[in-house]
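Please walk me through the charged side chains of this protein.

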Amino acid sequence: MKTSKILTGALLLFAGVNALAQGSISGNMETNFQYLLSDDKINAIQPDEKALLNSYINVNYRLAGFKAGVRLEGYLPRTLGYPDRFDGAGLGYRYVGYENDLVDITVGNFYEQFGSGLIFRSYEDRALGLDNMMNGISLNLRPYKGVTLKTVYGRQRFAFVEGKNQYGAGIVRGADLEVNFNEWFPKLSDHNVRITGGGSLVSRFQEDNNSEFVLPENTGAYGGRLALAYKKFFINGEYIIKEQDPSQDNGYIYNYGKGMIVNAGYSQKGLGIVLSAKSIDNMSFRSDRDAVLQDLTMGFIPPLTKTHTYNLVATLYPYASQPNGEVAFQADIIYNIKRGTKLGGKYGTDISLNFSTAYEPLKKTSGINPLDSSRVTYESSLFDKSDLLYWRDINVSVKRKVHKQWTIEASYYNISMNNDVLKLTDEKGIIESHIGVLDVEYKINRKHTVRAEVQGLWTVDNKDRGAWATGLIEYTISPDWFFSAIFQSNYGNPVKEDRINYPMLFVGKIWGATRVQVGYGRQKEGLFCVGGICRFVPASNGLSLTFTHSF
């Protein structure tokens, strides 16, 4: 009998290994390591552990329509600035599912987005320490050509403590329907017309556990979107309504929320124009009404600001989308002056113009009693803005290849931000800054390239921390090695003792799908922002190591 059980077990193990061998396995791994030192000059504190580590390994398996995957995570402890609700090592993500031409079902953890994400976007951004993945079931159907139906049901991840996931209190239910009319009417494509439309419905259930107010346990949000394109022109928009959702974010008021985003543009060879407008009012939407910061966000407010990459522009005065209300506009123009012309030169010249701004929505309180038991505290209309400026960014860049080995890019930025609203520093009121950047690249030969940047920032009336400068030099040996040094200085700080320098050195090596980078130096405290979402990062001084590999 014992021999029979051993034989049966061996046969089952062989069958499992053989089945795995028939499918495909893919994945990636990432490790971020820090060894930190104390630095009284910048108020950097060495943690008790001295060394910090974030590590991830993703493994995905596919066999015909079957799919499964896991992600192992380790925060031992978490790296500096990462949310304190991530701790320990264990299984942070797992799923199984099946997919064919009709159905795509996933049970376990998953990410999804409806439309632009205004009422539902479940996603991960490790740089921000944000991971609001769903735990439940996702069922997507493609019942007819050009038709896609997405459904989700479950709870959002809130924390990873002692190697285990913790999920939010609210249950999220949602459905999204999208139709590609070109699939229904092929003649539209023959006339260079493209039309897609869609609609979304999302509902959150959370028990009323508030002793002061009577809170709705079911809160819904819904809306539609439409995208039209004709030849070189396009326009798309989305409109969303959110039902009464008293929460920590809005002070437990009972106003409805609403949001609208419109984009229009024109593109042809050498020219691209995009105009965008956004009106957001009371659109903070979470799976836990009492959550704060970036915790348990269901909705995502797309930014209408240019994504900056230069050090001083991106890190000193970034803008975070305001889910409780903003009226924003953006214009982006990219133009290429043809090569061989007097202005374009031998290789052509690229010009980029960008303007973005955001204001407080106009909230009308006349005729509304703030003591009314309805707790509807104001009225507002789409794109009706007040005179209170949140943000304004005017920037221009000119890039020109002046020789087969030399490329030069010059940029100017004028940024005004309302620190009473954004609260990036201790300064009061509007902080206006002028930023200039000169970026020069020299190709020594086919493999060796040197690039240098010089950046300067000056605040009007020497407000806040005054003037800054950044210098960077980067040397690349393609495709294997890269070296860089960056030196940032707050040389114009009105407080002499705070005129601090921040030097950093980096070296990296690439072996195919493997990349290793080592860095050492000082990092100032401040906000780190990606796509209109920010997190605070404390000052640090020390060694960093990043390792990534894909398979």
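Which side chain meets that of Arg126 in a salt bridge? The partner is Glu124, at 2.7 Å from N to O. This is a predicted model. Arg126 has a relative accessible area of 19% and is buried, because the cut-off for buried is under 20%. Glu124 is partly exposed, at 28% relative accessibility.

Other pairs follow. Side chains of opposite charge can pair when their charged atoms come close. The structure holds 25 salt bridges. One of them links Arg85 and Asp295, with the closest N and O atoms 2.6 Å apart. Arg85 sits in the loop between strand 3 (66-75) and strand 4 (88-99), and Asp295 in the loop between strand 18 (271-281) and helix 4 (311-315), so the bridge ties together parts 210 residues apart in sequence. Both residues are buried.

Arg451 and Asp439 form another salt bridge, and their closest N and O atoms are 2.9 Å apart. Arg451 belongs to strand 24 and Asp439 to strand 23 (residues 430-443), so this pair ties together parts 12 residues apart in sequence. Arg451 and Asp439 are both buried. Elsewhere, salt bridges with shared partners join Glu30, Arg71, Glu73, Glu124, Arg126, Asp131 and Arg157 into one network.

Now the loop residue. Asp464 lies between strand 24 (448-459) and strand 25 (468-477), in the loop. Asp464 is buried, at 14% relative accessibility. Its side chain makes a polar contact with the side chain of Arg465, at 3.4 Å. Beyond four places away in sequence, Asp464 touches Tyr317, Thr425, Glu427, Ile431 and Pro494.

Note on methods
Residues are numbered from 1 along each chain as its sequence is written. This is a predicted model: local features need pLDDT of at least 70, side-chain atom pairs count only at pLDDT 80 or more; totals for chains, interfaces and linings use all residues. Side-chain values use heavy atoms; hydrogens and water are left out. Helices (H or I, at least four residues) and strands (E, at least two) are DSSP runs, numbered from the N terminus. Buried means under 20% relative accessible area, exposed over 50%, partly exposed in between (1.4 Å probe, protein chains only). A polar contact is a pair of N or O atoms within 3.5 Å; within protein, one must be able to donate a hydrogen and the other to accept it, and residues adjacent in sequence count only if both atoms are side-chain atoms. Contact means heavy atoms within 4.5 Å. A salt bridge is a side-chain nitrogen of Lys or Arg within 4 Å of a carboxyl oxygen of Asp or Glu.
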